Amino acid sequence: MSTAAKSSRQQSHITSFGPGKVILLGEHGVVYGHPALAAAISRGMRAWGVPAQSTSLKIPDGVSPSQQEALERAFARAAKKTKHPKISVHLESELPLSMGLGSSGALAVAVCRVLIEAQTGQPAKARQVEALAFEMEKEFHGTPSGVDHTTSARGTMVLFKQGKAAEVVASKPVKVLVAMVGPRSSTKQTVGALRERQKKWPARYKRVFEQIGKLVLEGASAVRQGELEALGDVMNMNHGMLNALGLSSPPIEEMVARLRGLGALGAKLTGAGGDGGAVIGLFREPEPSVMKLRAQGIDCFASQLAGPGAL
Ligand code: MEV
């Protein structure tokens, strides 16, 4: 962190963390009303507020001009809803941006907590944060299902379905290796292109989304029973279906094969997919594989998704 950022954080009286997320099962189907199983990861976005004359957001480095515009619009929306508390909001990211790890949802959660606490002087409630962060997410993604920011706000593993309260999935530890595959198109674009294909051939796409929805429920039950092999098998099948929907690419396939070759019980793309993004592998102990991949120059990390000691 820069010295200026460090000193602004020391002056701040409100600090907040929004974890990133991985979708274990069910991305894209969730946009069409099917369930998804998602979990918060240990990396995320930090936000802190420094008293100021007006409401403002300090845009972090590494944000592209189009991301900056969306961020400014999203922040303006949240600031209006919280009646413009006199605070300057600063951000620090531990998450790679635009990799399918929920950076915008994590950012929205971290920022909204700071704004709500500055407005009310009270700790923000999860439901308040979820509602406000959804307003920001709409600016980032157009028609988000809400799975990203809800998972971040809950900070654990959830079974999510649009229009229903997210269900926390109590589970033994589930450990994944998260590998970065490379840059990708925006979630908005990938979701939009799939929507066009789905509009052209609705019956065929509906069948696949329904099958994915069933896998999600089977996967959630495997997680609850601690059956990691079954969960891995469901993840592999889900990946095949995402590929069938046109959401994979040669670099994603190569990474999925690599993780399976290292002994992953299951491996799949996570998040919107498309040309790049992130791939997850389910391992009983991911650390040795993290070491091997890092030695080959691959950007990856391990995260425990549930159970004691997660986050
Ligand atoms: C993105 O993390 C997950 C998608 O299902 C989009 C959404 O749920 O809004 C691809």
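## Domain layout

The domain assignment divides the protein into domain 1, covering residues 3–167, and domain 2, covering residues 174–306. In this predicted model, the C-alpha centres of domain 1 and domain 2 are separated by 23 Å.

## The interface between the domains

The size of an interface is often expressed as the accessible area that is lost when the parts come together. For domain 1 and domain 2 the area buried between them is about 3,000 Å², and 68% of that area lies on carbon and sulfur atoms. Within domain 1, the residues that lose the most area to domain 2 are L25, H28 and Y32, which together account for 22% of what that side buries. Counted by contacts, 31 residues of domain 1 touch 46 residues of domain 2.

Polar pairing also occurs across this boundary, where the rule finds 10 residue pairs in polar contact, with both partners at pLDDT 80 or more. On the side of domain 1 that touches domain 2, at least two residues each are supplied by β1 (14–25), β2 (36–51), α4 (126–141) and β5 (157–160). Strand β2 gives the largest share of that side, with seven residues. By residue class, the side of domain 1 that touches domain 2 consists of 18 nonpolar, 10 polar and three charged residues.

## Surroundings of the ligand

The residues around the ligand are K21, I23, E27, H28, V30, V31, P144, S145, V147, D148, G271 and A272. Of these, H28 places a polar backbone atom 2.9 Å from an oxygen atom of the ligand, and H28 is also among the three residues of domain 1 that lose the most area to domain 2.

Side chains take part in ligand pairs as well: a polar side-chain atom of S145 is 2.5 Å from an oxygen atom of the ligand, while an N or O atom in the side chain of D148 lies 3.0 Å from an oxygen atom of the ligand.

## Salt bridges

Side chains of opposite charge can pair when their charged atoms come close. Over the whole structure the search finds 14 salt bridges, and across the interface of domain 1 and domain 2 the rule finds two. Elsewhere in the list of pairs, R224 and E167 form a salt bridge through their side chains, with an N to O distance of 2.7 Å.

D148 and K21, both of which surround the ligand, are joined by a side-chain salt bridge at 3.4 Å, N to O. This pair links distant parts of the chain, since D148 belongs to helix α5 (residues 147–154) and K21 to strand β1, 127 residues apart.

Key. Residues are numbered from 1 along each chain as its sequence is written. This is a predicted model: local features need pLDDT of at least 70, side-chain atom pairs count only at pLDDT 80 or more; totals for chains, interfaces and linings use all residues. Side-chain values use heavy atoms; hydrogens and water are left out. Domain bounds come from an automatic or database domain assignment. Contact means heavy atoms within 4.5 Å. Buried area is the accessible area (1.4 Å probe) that two parts lose on being put together, summed over both. A salt bridge is a side-chain nitrogen of Lys or Arg within 4 Å of a carboxyl oxygen of Asp or Glu. A polar contact is a pair of N or O atoms within 3.5 Å; within protein, one must be able to donate a hydrogen and the other to accept it, and residues adjacent in sequence count only if both atoms are side-chain atoms. Helices (H or I, at least four residues) and strands (E, at least two) are DSSP runs, numbered from the N terminus. Ala, Val, Leu, Ile, Met, Phe, Trp, Tyr, Cys and Pro count as nonpolar, Asp, Glu, Lys and Arg as charged, and the others, Gly among them, as polar. A residue is near a molecule or strand if one of its heavy atoms lies within 4 Å of it.
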